[in-house]
Amino acid sequence: MNAPVHVGPPGDAYAVPLDRVDVSNPYLYQEDTWRPWFARLRREAPVHWCENGIYGSFWSVTRYRDIMAVDIDHAAFSSDAAMGGIVLRDVPMDKRRPSFISMDPPKHDEQRKIASPIVAPGNLAKLSATIRERTVSVLDALPRGDTFDWVDRVSVELTTMMLATLFDFPFDERRKLTYWSNVATVNTRAGTEVDSEDKRNEILDGAMAEFRALWDERAAKPPRPDLISMLAHGEATRDLPDRPAEFMGNLMLLIVGGNDTTRNSMSGSILAMNQFPDEYRKLRENPALVPGMVPEVIRWQTPVIHMRRTATRDVALGGKTIRKGDKVAMWYISGNRDEEAIERPDDFVIDRARPRQHLSFGFGIHRCVGNRLAEMQLAILWEEILKRGWPMIEAMGPPVRAYSNVLRSITSLPVRIRA
């Protein structure tokens with residue numbers, strides 16, 4: 001393993017000159033020290049220009065209403081991979097992997113609608129029993145009185161089993177999906193084996209070879225209700241293997257999208273209950289609060305830290321002029337802590353009046369296609385936890401967080417269930 005080459009702590013949030021504030025520094029999220037930086041930006045410069053930051057020059061949009069304004073205006077703020085895509089990190093053109101989340105209409109719409117039926121209400125109803133059965137099995141196998149890693153034993157296991165089902169991927173090889181998701185999203189400065197875009201693509205090329213074999217098999221048979229078959233038979237996607245970068249991009253999008261949001265919300269929910277034990281007591285006394293608790297977990301955790309857009313024309317926002325070609329970062333993690341939009345935003349409150357008032361799934365044409373599936377998995381997990389009457393799933397140490405400014409990933413969380 002390579003030695004980490006992290007960018008270190010940026011200093012005190014209020015001591016650094018405003019024009020030198022760079023909230024793209026992944027260290028802020030690995031060490032969970034991001035809150036004062038965004039509190040300052042929301043107050044002093046809600047639309048903030050960072051010149052020559054770690055990931056180049058870009059605008060930060062940090063207030064709820066401004067983020068929503070950017071997110072819903074796909075004409076003025078492009079997601080297209082050809083213009084830079086959806087993250088601040090600039091990837092060389094020949095190493096970009098376009099997917100429908102990094103496309104503009106009409107191509108975005110054509111490809112997204114091929115995958116959408118798998119998370120339609122009718123199919124979710126069919127998946128519900130399977131999710132519950134697996135959740136019961138995973139929870140009943142957990143040790144009592146001993147410390148174990150909640151991320152590995154519960155969050156990763158449950159989401160990876162779901163991914164294998166959605167893709168109809170060989171079930172006993174399902175942890176490959178987790179590995180590929182991690183490879184696709186890891187920061188190349190994080191000190192892992194993925195220390196360059198070349199290394200990332202080398203590993204994912206192996207993944208694509210496996211997916212290509214499954215694709216050819218499904219394409220040769222009548223359509224089936226799994227993602228690979230849907231894409232292989234879809235009018236707008238059946239020729240994806242002829243465009244290898246796009247083929248890889250769409251499959252990785254579906255793997256990451258079906259994995260990271262849910263698993264990090266599952267892990268974040270345990271942290272939230274430990275930090276706000278009165279809310280856990282409230283939930284135990286009234287399990288009917290689970291439907292409102294689920295979106296509150298997703299807001300409080302905010303699994304996706306930012307999304308990028310690129311201005312297609314000059315745009316006025318928050319008293320500033322964003323120039324054509326400028327990078328724009330929508331900091332969902334900040335918008336979900338905006339005091340002007342959300343009451344007591346730093347608190348975890350399971351019975352909020354408007355729990356779905358959050359930015360974690362995005363807005364507009366790129367709103368998370370699998371948001372209802374993520375909510376259902378998290379709801380079933382907590383319904384089954386409550387049935388077991390556990391006093392608290394105790395965090396036995398701090399979480400280990402990923403070095404990333406894209407995904408707010410918890411990679412390890414030691415916990416104990418009292419015997």
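The structure holds two cavities of 30 Å³ or more, a cavity being a set of points on a 1 Å grid over the protein atoms alone where a 1.4 Å probe fits but cannot get out. This is a predicted model, in which local features need pLDDT of at least 70 and side-chain atom pairs count only at pLDDT 80 or more, while totals for chains, interfaces and linings use all residues. Residues are numbered from 1 along each chain as its sequence is written, and side-chain values use heavy atoms, with hydrogens and water left out.

**Second largest cavity**
- The second largest cavity has a volume of about 50 Å³, a volume being the space filled by probe spheres set on the grid points, which are joined across faces, edges and corners.
- Its lining, meaning residues with an atom within 4 Å of a point, consists of Ile131, Arg134, Thr135, Leu158, Met161, Met162, Met266 and Gln377.
- Helix H5 (121-140) and helix H6 (150-167) are the elements that give two or more residues to this lining, where helices (H or I, at least four residues) and strands (E, at least two) are DSSP runs numbered from the N terminus.

**Largest pocket**
- About 570 Å³ of space lies in the largest pocket, a pocket being an open set with protein on both sides within 12 Å along at least five of seven lines.
- Of the 29 residues that line this pocket, Asn182, Val186, Thr192, Ala402 and Thr411 lie nearest its centre.
- Two or more lining residues come from each of H6, H7, H11, strand E10 (400-401) and strand E11 (410-412), and the largest share, six residues, comes from H7.

**Helix H7 and its packing**
- The buried residues of H7, those under 20% relative accessible area, are Leu177, Thr178, Trp180, Ser181, Val183 and Ala184.
- These buried residues pack against H6, helix H8 (197-219), H10 and helix H11 (260-275), with contact meaning heavy atoms within 4.5 Å.
- The axes of H7 (residues 175-185) and H10 (residues 244-257) come within 9 Å and cross at roughly 110°, where axes are lines fitted to C-alpha atoms, for helices over the stretch in contact, and angles run from 0 to 180 degrees between N-to-C directions.
- H7 and H10 are therefore roughly perpendicular to each other, a term that covers angles of 65 to 115 degrees.
- Leu177, Trp180, Ser181, Ala184 and Thr185 of H7 make this contact with Met252, Ile255 and Val256 of H10.

**Second largest pocket**
- The second largest pocket, with about 220 Å³ of space, is lined by residues including Arg299, Glu343, Arg344, Arg352 and Arg354.

Notes
Parallel < 35°, antiparallel > 145°, perpendicular 65-115°, else oblique. Buried < 20%, exposed > 50% of the residue type's maximum accessible area, 1.4 Å probe, protein only.
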